[in-house]
Every structure is written in C-alpha cells, then in structure tokens.
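Please open the structure in a viewer and keep the selection panel at hand. The stops below are meant to be followed in order.

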Amino acid sequence: MMRRVFAIFAACLALVAPVQAEENIVLGLNQTEVSISTNFNGSEIIIFGAVKRETPIPDGPELAVVVTVSGPSKAVVVRRKERKFGIWINTDSVEVDRAPSFYAVATSGPMQDVLSRVEDLRYKISIPRAIRSVGAPMGIVDSAAFTEALIRIRTKADQYDLNEAGVTVDQQTLFRATVQLPAALVEGDYNTRIFLTRGGNVIAQYETLIDVRKVGLERWLYNLSREQSLVYGLLSLAIAISAGWLASAAFGLIRR
Amino acid sequence: MQIYLPIAEISVNAFLLLGLGGIVGVLSGMFGVGGGFLITPLLFFIGIPPAVAVATGANQIVASSFSALLAHLKRKTVDLRMGTVLLIGGLIGAAGGVSIFNYLKSLGQVDLLVNLCYVIFLGIIGALMFIESLNALYKTRSGKRQPRKKHTWIQKLPFKMRFRVTGLYISVIPPLLVGAFVGLLAAIMGVGGGFIMVPAMIYLLGMPTKVVVGTSLFQILFVTAFTTLLHATTNYTVDIVLAILLLVGGVVGAQFGTTLGTKLKAEQLRILLALLVLIVCGKLALDLLLQPSELYSIGFSS
C-alpha cells in the first residue's frame, strides 16, 4: 500500500513517471506552443503517442487512452434568475472555487468503460470532477444544479468538451487524439494529461504543458493596457479623435 | 475575416464590427445621439464581455461624435457656451454616477438596475417624443405654427446668461442641472446620454432642434472621453482593436448621417429617433419580462 501511495506521489512530482512500470507513454505533440496573433481563429492540437513496454501485451481488458487538456482555472459565480414582481432577476448564487476556462476530455471509448468512478475521483478526469465547488451557501438545496448549469453553458460555448471517440488506439500500442481549441481562448499554461487505462484502472500517466500566449501586436497592446493604462487610454482617445477628424476632412474634400 | 481581440479575448468577424460601427455612426450623425444605447447591447449580442463592451463603446462614441461635431461646427449649429455649461454639470454628475454605480455593484444587482434604467428612461422619453412630434407634424401640415412657451418658471431663476447661437437668455441653473442629471445616468448606464440630452434640451430648455444636435454632441464627446479614460485606468476593459474596427465604420457613418439629417425636417427627425428609442426599450423590456432560455449565468467573483 505504502509503495503504491509513494508511486502516485512520485508520478505527480516527476510528471513523467508511470504509476506502474510495465507500460509507459512516449508522447509527441504537433505544437507545444499556441500563438494568439491578430488572425487567430482557434487551433487544433494533435496528440500522438506510443505505449512502450518491456513485456508482451498483457492479457485481460484492452488498453484504453484518456486525454485531458485544461486551461487556467478561475473562481466563478453562477447565478440563477427567478421571477420576482413580474420580472426575471438574479436571486440565488453559488461560488465555484475552481473552474478551468477550457477543459476537453477525449477518450478511446465510452467514459464508463474506460474509467472507473474511483479512478475518476482520484485523478479528477471527467468534466464534473475537474470543477471544484465546496460549500453552497445556506438555503440552497440544489447546488448541483448550479455546477450542471456551468458545464452546460461552457459546453455550449465550446469551452468544455467530452469526446468519447476522440482517441484512436491502434494495436494497443499507438494512439492519436485531436483536441479543438476555440477562438475565444484565454492565455496561460494548458495542462495536458494522458492516461492509459485497463479495465477502468489507470496504469500509466503522462503530463505536459502547452503554452498559450498572445504574440506580436496582441501581446504589445495587452501589456500596454495593463502596465501603462493611462498611456493606453490616451492612445485609444487619440486614435478615436484622429479617426473622427480624418473622416470629417475626407468628406469635406469629397463635397468640395 | 476573423480577428482576435486582445482585451476581450475572443475572435470575431471584422466586417460585422465595421458594419455595426457604420449603422451606429449614421444614427449618431442624424440625431446627435452617441449611439451608446444601441452599440452596447449590440456588442453584448455578438458575444463581447459586457465590461469590455461598455468601455469600448464609450471610446467608439468619442470618434463618431467628434466626426459629427466637426460637421456641425462648419455649419455653425453648435452653441459652445451652452455646451460648456452642460459639460460642467455633466462631469459633476458623472463623478456622482460612478460612485452610485460602485455602490450598486457591491449590492450585486447592478445588471438589473442598469436594465431597469434603460427600460424606464427609454420608455418615457421615447413615448413623450413620439406623441409630441406627431402633434407637431400634424400642426405644421395644417399650416399652424407651434407657439413657443416664453414665460415659464425657468425664466424666473437667477444667474441669467445670454446664449447667442441658441437665441436664449436664461438662467444657467437649468442647463447645469440637465447636464448633471445626464452625466449621472450616463455613468450608471454606460452611455453618452444623448438620447436623454436631446429631448431635455428641446423640451426643458426650449432650444431649437437644429442647434440641439451639435451642442449635445459637444457634451457627449467630453463625457465619453472622460469615461473611456476612467475605464482604461481602473478596469483595463478598453479594447483598442475592437474600438478601431467600430470607429472606422462609425466615423464614415456619422458623415452620411449628418448629411441625411439636414435633408429631413426637424419633426421627422424627432419621430424617427422616438421610434428607435421605443424599439430598443421594447427589446430590453421583453428580456426582463419573458422567461430566459437559460436561467443561469456565469460571472467572475471579485
């Protein structure tokens, strides 16, 4: 038991070490950086890898692969509207302590087949598990409805995605997954995790980061707006005023 | 053509934004309204985060109102003296409005109150203007001229000042109060306030419609510039790329708008503006009254 706990601990530390040493993941990514430039309109990440093993393929349940990509997390407030005095207004609210801005799960088969509930709880793989909500305020009995709403809204906006056919596994050795990043993307480190499972149990894990950054003009404007906000504000005004003057002058010429 | 907005952090169609700016620009030049009450809800609709929409909308109004103001200055339809008096009131009102806004924000119901403000003010002003201008239109058709009320309580107030362009000799207290009230609402509702200012100048101060538009633009320009700076330095929500796309459409539209405006009769202008205000009001009222398809919403905790 202790050895196993230690192994998980080591896996978390080293990020590369397997839970059990029999089957390991060798991984490739089509890009380790996503650059957000002016014409950015979403991106596709292709994750491909192979299973390295010293022994022949074990008997028993077939190998399955689960891939998750998770954007930076932020606390959010989910509010619910209710009809009061004839109009719809926000009444109850629940704070969700940690909700990733983007979360995609791709699996090689139906979720209940490739991952047991216990393992899901331990590694926080499925979308509801990736969200952490502790303690709804007193008087709200159906706090689950709020986290469900959060998932529903973000799924609709392509920010959360569960694709149960997103990973193809070949000969129990090669696998390939594609994850679609939407156009509305927040900068940050996108944590990418790959799990190998057999019979619902995780047998190997691999973690890597995808760096999502604004570049060029986007980067410069963003930094300016945060670091020298007064200059940025004056620049916005100067552009507005000169554009207004230019249009006026141009039309003056046309009319003449 | 998709373009990624650095502050709003989403990708939108550039031509859609150009068109949106253009439409609002035409209205701005025609009626002397900044168009904030139109552009802000429209930006929400295409998925721009509300905070960015409000701040960037203000910046866009600076451009379109400046362009339209230049056109009006050439035509000498701006009362700079009246504009300055209104502006002094406006800045005081805006400062007060910002503190009220922050107080409401701490109570957590700011969205509802902003929406209610929109519905109430747009509704009252739109209805009043519509009825009044219908009457005026009917009277000019039947050959009678509407008599201007000369002796009201406004005439009896002290600190009188002569406004030559407007042709008025009145106390500075009513314009100051009108300016302050508009500034207050502008800060709470995140708009320039032209749609309140224009009728207030016509009906409360008795200014001629031709001068009202230019003078209102003058006041709007400074109030929205002030708001833009305030948003840029405190909330970091002004998106310069979004603003440029909107204002390129906006400034061109504003020039067409002023030309269109001079071709229409004052009463027709007022009736069109009233209809526009009522349409926006109706849309916002429906949003409050009908059950929304999604009862839940996501906000960021402070």
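This is a predicted model: local features need pLDDT of at least 70, side-chain atom pairs count only at pLDDT 80 or more; totals for chains, interfaces and linings use all residues.

Residues are numbered from 1 along each chain as its sequence is written, while chains are lettered from A and ligands numbered from 1 in the order in which they are written.

**Stop 1: a sheet in chain A**

Select β1, β3, β10 and β9 of chain A, which in that order form an open sheet of four strands with antiparallel pairing. Strands here are DSSP runs of E with at least two residues, helices are runs of H or I with at least four, and both are numbered from the N terminus. Two strands pair if DSSP finds at least two bridges between them. At the edges lie β1 (23–29) and β9 (167–170) of chain A, each of which pairs on one side only. On average, neighbouring strands of this sheet are turned by 20 degrees against each other, direction ignored; the axes behind such angles are lines fitted to C-alpha atoms.

Val167(A) has Ala177(A) in β10(A) as its bridge partner.

**Stop 2: two loop residues in chain A**

Move to Gln171(A), located in the loop between β9 and β10 of chain A. Although Gln171(A) is not a glycine, its phi is positive, at about 55 degrees. Is Gln171(A) buried or exposed? Gln171(A) counts as exposed because it has 10 C-beta neighbours inside 10 Å; the cut-offs are 20 or more other C-beta atoms within 10 Å for buried, 12 or fewer for exposed, and partly exposed in between, with C-beta atoms placed from the backbone.

Then select Phe85(A), in the loop between β5 (73–84) and β6 (87–100) of chain A. Phe85(A) likewise is not a glycine and has a positive phi, of about 50 degrees. Phe85(A) is exposed, as 5 other C-beta atoms lie within 10 Å.

**Stop 3: the domains of chain A**

Colour chain A by its domain assignment, which gives domain 1 (22–214) and domain 2 (215–250); such bounds come from an automatic or database assignment. The centres of domain 1 and domain 2 of chain A, taken over C-alpha atoms, are separated by 37 Å. Six residues of domain 1 of chain A are in contact with six residues of domain 2 of chain A, contact meaning that C-beta atoms, placed from the backbone, lie within 7 Å. On the domain 1 side, β2 (33–36) and β12 (201–214) of chain A are the elements that give two or more residues.

**Stop 4: where chain B touches chain A**

Display both chains: the contact takes 47 residues from chain B and 48 residues from chain A. Which element supplies the largest share of the side of chain B that touches chain A? That element is α9(B), with 10 residues.

**Stop 5: Leu242(B)**

Finish at Leu242(B), in helix α9 of chain B. Leu242(B) is buried, with 27 other C-beta atoms within 10 Å. Leaving aside residues up to four places away in sequence, Leu242(B) touches Leu5(B), Ala8(B), Leu17(B), Ile48(B) and Thr56(B). A C-alpha to C-alpha distance of 27 Å separates Leu242(B) from Leu116(B), and these two are 126 residues apart in sequence.

Technical notes. Axes are lines fitted to C-alpha atoms, for helices over the stretch in contact, and angles run from 0 to 180 degrees between N-to-C directions. Two residues are in contact if their C-beta atoms, placed from the backbone, lie within 7 Å.
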